[in-house]
Each structure stands twice: as structure tokens, then as C-alpha cells.
Amino acid sequence: MWGVVLFEAVLLNAVRGGVGVGMRAGLSSGLSAASGVRWGSVVRHGLSKGLSTLLALALAMTVVAVSAQPAPRSATVPDVWVDADPGCGGAFYADVDDCWALFHAWAMGGERIAGISTVFGNVSGSDAARFARGWMQQLSAAHPLKKMPAIHEGRAQALVNAPHPSSSGEAALAAFLDGFALTPASGGATLLMLGPVSNLASVLQQKPARATVIRRVIMLGGQPPGMSHWLAVNGRLRMRDYNVFKDPQAMAVVLKAGVAIDFVPVQAAFGYWLNADRLRTEVSGQPALQWLTDVGMAWERFWRWGFATPGYPPFDLLASGLLFQPERFFCTEVNARMAMFPSITGDAPGLELAPPAPSQPRAADSRHRRCRLASGDAVDLIRAARDTLNAR
Ligand SMILES: [Ca+2]
């Protein structure tokens with residue numbers, strides 16, 4: 001999900017040598033304590049232990065454990081739309097997480113996937129469509145579906161630069177929503193958003209009633225209140241919440257539309273490292289998997305060099321995991337809103353996810369949830385996808 005702009009984070013931190021370390025907000029440590037999110041290994045806390053404990057206790061009292069995603073509908077109902085900004089095949093700094101997510105969605109979602117739109121983000125809008133087509137052709141050649149979901153090239157720029165739909169990706173997404181048969185059996189459409197939510201925002205802005213057929217949006221993004229705009233990785237280098245940062249206006253439009261959203265925060269992905277050695281050992285056995293493992297090696301080196309991590313985070317793969325393997329995830333209700341986050345380069349808009357206060361009545365947007373992988377590892381998601389494809 002990070003793409004070219006991630007390079008900015010590495011350069012910035014390399015140049016500044018850790019300036020602004022003290023700006024890392026400590027609320028994340030309290031949230032970790034309360035929710036069990038594995039953030040502690042990558043985010044050094046700044047709150048006093050006592051305050052952290054109080055916060056953890058408060059959250060423990062107020063956080064409502066929500067069962068993971070309800071069981072999927074009939075496999076024959078094409079109720080899922082995927083929107084992605086894949087970078088596999090691009091430069092060494094283009095994230096391959098969307099391609100792992102598409103692999104997982106292809107395997108686990110199968111004919112539930114009604115269509116795929118692409119969006120700028122990791123790479124340009126045209127490259128995202130090109131990489132998506134190339135990757136899906138590889139997968140479909142080895143594991144064909146009865147009905148191939150079409151891939152539609154979507155927006156190449158943020159909502160603020162072009163507020164009206166103009167791409168085939170937006171037209172296809174709009175047609176999917178307009179034609180969706182909302183019945184008790186279907187329960188509504190599910191949108192797996194793997195990049196900036198620009199396509200969805202423009203079609204909702206054009207026709208707000210489209211939100212009524214959306215059962216749930218699932219995406220990677222969001223951060224705790226007060227945290228720095230730059231998310232700490234390994235305590236010294238930082239990066240942004242790019243699915244939001246790339247198009248904050250679009251995120252605001254989607255929030256305002258009132259659709260229920262499941263968020264996997266970026267930092268919930270830190271600690272689940274993918275690397276070629278692990279992948280070859282644990283999930284080998286398919287040419288397509290081997291190809292993506294090899295392509296990911298440049299991205300892996302980027303992370304090893306830039307962040308001193310043992311691999312790269314699975315990021316958007318977790319969003320697909322949440323949709324298709326909900327039993328592995330733990331979710332809690334959150335309130336979501338756009339807020340300004342402090343940054344060493346100036347305050348910037350971001351997506352704030354905050355648990356409801358103890359005395360707070362359920363907010364109108366309390367259908368939003370913050371989710372994390374609670375059972376197994378990201379590699380387990382890939383293994384399940386591989387095994388499902390092998391059995392197809
Ligand atoms: Ca992405």
C-alpha cells in the first residue's frame with residue numbers, strides 16, 4: 001500500500017536521524033495493553049506506566065468484543081467488490097501486499113467476487129490496472145473460475161483533484177452497487193478496499209443512496225488518537241497511513257456516507273513479517289506463489305535496509321483475511337473520524353479510531369470496528385489460500 005511515497009519516509013528519517021522521536025504518542029501502548037494488539041514491539045510508548053494502566057483498564061471496561069465477520073453468504077452470490085492498487089511488477093519500493101491480498105481473495109472468495117477496480121496509490125493508476133491484470137491472468141491460468149471477474153481501471157488521482165467519476169473503474173463499481181439486489185439473503189454488498197478509497201468516494205458522492213446496499217467496507221487504515229502522523233516502525237523510522245494519507249478527502253466522504261467499516265490498522269500488521277525464506281519453506285508448491293515470492297524480494301530488501309525488519313508486513317493481505325477468514329480475527333467497536341495528527345513536517349489529516357468512552361452512548365458510527373489478526377500468522381492466510389486453490 002505504500003508505493004513511491006514510502007521512500008519519503010525512509011529518506012526523511014535517514015536525513016533527520018530520528019528527530020521527533022519524542023512525538024510518538026503513547027496511547028498506542030495503552031491500546032495494546034487493552035486489546036492485545038501486537039504494537040508493543042514496534043511502537044515505543046510515551047505514557048507513564050500508571051496512565052497506561054488506567055487507560056488499559058478503562059478500555060477493557062468499555063471495549064465491546066464483537067464476534068468476527070458473520071459467515072459469508074452463498075458462494076454463488078457475487079457480493080464482493082475488490083478495489084486495489086497492486087504494485088507487484090513495479091519498482092523495488094512498490095508494495096506487493098495487494099497482490100498477496102488478491103491471491104487470497106481469489107482463492108478464498110472465488111465466485112463471490114463480482115469485479116475488481118484499480119486505483120492509484122502504490123503505483124500510478126495505469127500501472128495498478130496493468131499489474132492487476134497481469135497477476136490475475138497468472139492466477140486464472142492456473143486456477144480458472146467459472147466466471148472471471150473483470151478488472152476495471154479506476155482513478156489515477158485523488159478526489160480533490162477531480163471530484164466527478166470519470167474512469168471505467170468508477171463506472172463499474174457504480175453499476176455493481178446500482179444493480180445489487182439487496183435482499184435478506186444477500187445482506188448487502190461487501191467492499192474490500194485495498195488502496196485509497198477514491199473510487200468508492202466519488203461514486204458515493206455522485207449518488208449517496210448507493211451506500212444503502214453496502215453491508216460492510218473492509219480496509220487497512222486508521223490510527224489511535226494523539227498518535228504521530230508518522231507511524232513508528234522499529235522505534236526509529238516511520239511511515240504514513242497511506243491508504244488514508246493518499247486521499248484523505250475520499251476517506252472523509254466514505255465516513256460521511258455512513259457505511260459500516262471494518263478497519264485493520266496499519267500497525268496491526270507490524271510483527272507479521274513476510275520474507276522469501278519463510279514463504280519458500282512454508283507455502284511453496286505453486287508457480288504463481290513462487291513468482292510473487294520472487295517479486296517480493298526487492299520489497300523485502302527495501303524493508304530490511306530501510307527499517308531493519310526481518311521482512312515486509314502483510315498489510316492489505318490482512319484485510320482480505322478479515323473478510324474471508326474472519327474466525328482468525330478479533331474486532332472491537334470503534335468510533336471513526338477524520339482528525340489532524342501531529343507530524344514533524346506539520347499537522348496532517350488522518351483517520352482516528354477511538355474506542356467509545358465508558359459513559360458514552362453508542363455513536364451513530366459505532367458499527368465501525370477495529371480488527372486484528374488473533375489466531376495464527378499472516379503466512380497461515382497464504383497457506384489457507386494455497387490449499388483452497390489446490391483443492392479447487
Ligand atoms: Ca494497497
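**Helix H5, length.** I began with helix H5, residues 125-142: at 1.5 Å a residue its 18 residues should span 26 Å, and since its end C-alpha atoms are 26 Å apart, the two agree. The expected span here is 1.5 Å times one less than the number of residues. Helices (H or I, at least four residues) and strands (E, at least two) are DSSP runs, numbered from the N terminus.

**Ground rules.** I am working on a predicted model, where local features need pLDDT of at least 70 and side-chain atom pairs count only at pLDDT 80 or more, while totals for chains, interfaces and linings use all residues. Residues are numbered from 1 along each chain as its sequence is written.

**H5, buried side.** I looked up burial (20 or more other C-beta atoms within 10 Å of the residue's own, with C-beta atoms placed from the backbone). The buried residues of H5 include Phe131, Ala132, Trp135, Met136 and Leu139. Their partners in H5's packing are strands E2 (80-84), E3 (113-118) and E4 (151-152), plus helices H4 (97-109) and H11 (287-307).

**H4 against H5.** Next I checked which residues touch, taking contact as C-beta atoms within 7 Å. From H4, Cys99, Leu102, Phe103 and Trp106 meet Trp135, Met136 and Leu139 of H5. This contact divides into 7 nonpolar residues, no polar and no charged; nonpolar covers Ala, Val, Leu, Ile, Met, Phe, Trp, Tyr, Cys and Pro, charged covers Asp, Glu, Lys and Arg, and the others, Gly among them, are polar.

**Leu318.** Lastly, I listed the contacts of Leu318, leaving aside neighbours within four places in sequence: Leu220, Val264, Ala268, Ala269, Leu373 and Ala378.

Note on methods. A residue is buried if 20 or more other C-beta atoms lie within 10 Å of its own, exposed if 12 or fewer, and partly exposed in between; C-beta atoms are placed from the backbone. Two residues are in contact if their C-beta atoms, placed from the backbone, lie within 7 Å.
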